[in-house]
Amino acid sequence: MGKKVTISQSAASVITAFVGVVILMIVFSFMNPNFIKFDSIMALLRSIVPYLLVGIGQATAFW
Amino acid sequence: MVGKFKLPPFIATLGTMTIGRGIAQLANNNYNTDNIGSAGAAQAFKDILYYGKTAGIFNGVWIALIIWAIFFYILSFTRSGRHIYAIGSNVDAARLSGVNVFAATTKAYMVSSFCAFVTGLVTLAQSGMGDMSAGMSYEMYAVAAAVIGGISTLGGSGLLVGVIAGASVWAILQSGLTFAKVPVAYRNIVIGILVVACVLFDVIRRNGTHRPKAKS
């Protein structure tokens, strides 16, 4: 029983991570209002690209 | 190597990465290549992969999302994808169920290497040259994006959508701490703690609860 991992636990991890994204955005925008300007958001989106790509590969390898 | 000879994945990854870096250093005597310039094809390459925009969003973002969607479909709705999940969950049970473990393992690593290849192209488009120091620590970024997004390092669980969240957390932390003028040393400490905490949380969760080793 203890080792059973359900899809809901995986979903909970994802939701937690997305909540983390929102919290970090709020915290950093309070620390520096320039953080949530349009250009900063666009640059941030572009900076996510390499992390997302290598993350997809790593996730597949972990599975 | 991992599928056929059961080489530990981390050793295989770090070993082949070092070999690849060595070959790259040999190819150009450990110097960065010349800039690919901004003439016709070179500029088109940079625009398509990094600097250009489509519908107001950088092309790199679209490329990453399309690749994510393709692999989400393959891993969730195809037999090969289910086999990859199955061997991660319980390799012996998967083998007894008729899954070709070697083929599934090979496919998983092909997906991984394809993603690394596209990341290399994006990095090349960004810098405009073959940079000998490019991609340093990306193995750590890869692990971080996956584990923060809830992908289990023990295999067999996690959702690919989590990688979007994991990569976002990682990028926001890097960018936000830079905006906040936090020294690099503290940045590394915060980010390292986050990764270790995520893996620790996953291990404890997979074991049901933390059970200290019984004294003999």
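Two residues are taken to be in contact if their C-beta atoms, placed from the backbone, lie within 7 Å. The structure is a predicted model, in which local features need pLDDT of at least 70 and side-chain atom pairs count only at pLDDT 80 or more, while totals for chains, interfaces and linings use all residues. Residues are numbered from 1 along each chain as its sequence is written, and chains are lettered from A and ligands numbered from 1 in the order in which they are written.

Chain A comes first. It holds 2 helices and 0 strands, where helices (H or I, at least four residues) and strands (E, at least two) are DSSP runs numbered from the N terminus. Of its 63 residues, 40% are buried. A residue counts as buried if 20 or more other C-beta atoms lie within 10 Å of its own, as exposed if 12 or fewer do, and as partly exposed in between, with C-beta atoms placed from the backbone.

Chain B has 10 helices and 2 strands, and along the sequence these follow the pattern α-α-α-β-β-α-α-α-α-α-α-α. Its C-alpha trace spans about 65 × 45 × 40 Å along the principal axes. Buried residues account for 29% of the 216 residues of chain B. Among contacts in chain B between residues at least 6 apart in sequence, 51% join residues at least 24 apart.

How is chain B divided into domains? Domain 1 of chain B covers 1-28 + 37-136 and domain 2 covers 138-211, with bounds that come from an automatic or database domain assignment. The C-alpha centres of the two domains of chain B lie 19 Å apart. Where they meet, 10 residues of domain 1 of chain B are in contact with 6 residues of domain 2 of chain B. On the domain 1 side, α2 (9-27), α4 and α5 of chain B each give two or more residues, and α4(B) gives the most, with 4 residues. By class, this side of domain 1 of chain B has 6 nonpolar, 4 polar and no charged residues. Here Ala, Val, Leu, Ile, Met, Phe, Trp, Tyr, Cys and Pro count as nonpolar, Asp, Glu, Lys and Arg as charged, and the others, Gly among them, as polar.

Helix α4 (residues 59-77) and helix α5 (residues 79-89) of chain B pack at an angle of about 75°, with their axes 5 Å apart. That makes α4(B) roughly perpendicular to α5(B). Angles under 35 degrees count as roughly parallel, over 145 as roughly antiparallel, 65 to 115 as roughly perpendicular and the rest as oblique. The axes are lines fitted to C-alpha atoms, for helices over the stretch in contact, and angles run from 0 to 180 degrees between N-to-C directions. B:I74, B:L75, B:S76 and B:F77 in α4(B) meet B:S80, B:G81 and B:I84 in α5(B). This contact of α4(B) with α5(B) has 4 nonpolar, 3 polar and no charged residues.

The contact between the chains takes 61 residues from chain B and 40 residues from chain A. On the chain B side, α4, α5, α7 (101-127), α8 (138-148), α9 (161-179) and α10 (184-206) each supply at least two residues. The largest share of that side, 16 residues, comes from α9(B). The residues of the chain B side divide into 39 nonpolar, 20 polar and 2 charged.

Which residues have the most contacts inside the largest nonpolar core? They are A:L52, A:I56, B:A145, B:V163 and B:W170, in a core of 57 residues. A nonpolar core is a set of buried Ala, Val, Leu, Ile, Met, Phe, Trp, Tyr and Cys residues joined through C-beta atoms within 7 Å. The largest share of this core, 11 residues, comes from α2(A). The core also draws at least three residues from each of domain 1 and domain 2 of chain B. Not counting residues up to four places away in sequence, B:W170 touches A:Y51, B:Y141, B:A144, B:A145 and B:I148.

Two single residues complete the picture. B:T13, found in helix α2 of chain B, is partly exposed, with 19 other C-beta atoms within 10 Å. B:A55 sits in the loop between β1 (53-54) and β2 (57-58) of chain B and is exposed, with 5 other C-beta atoms within 10 Å. Phi of B:A55 is near 55°, a positive value in a residue other than glycine.
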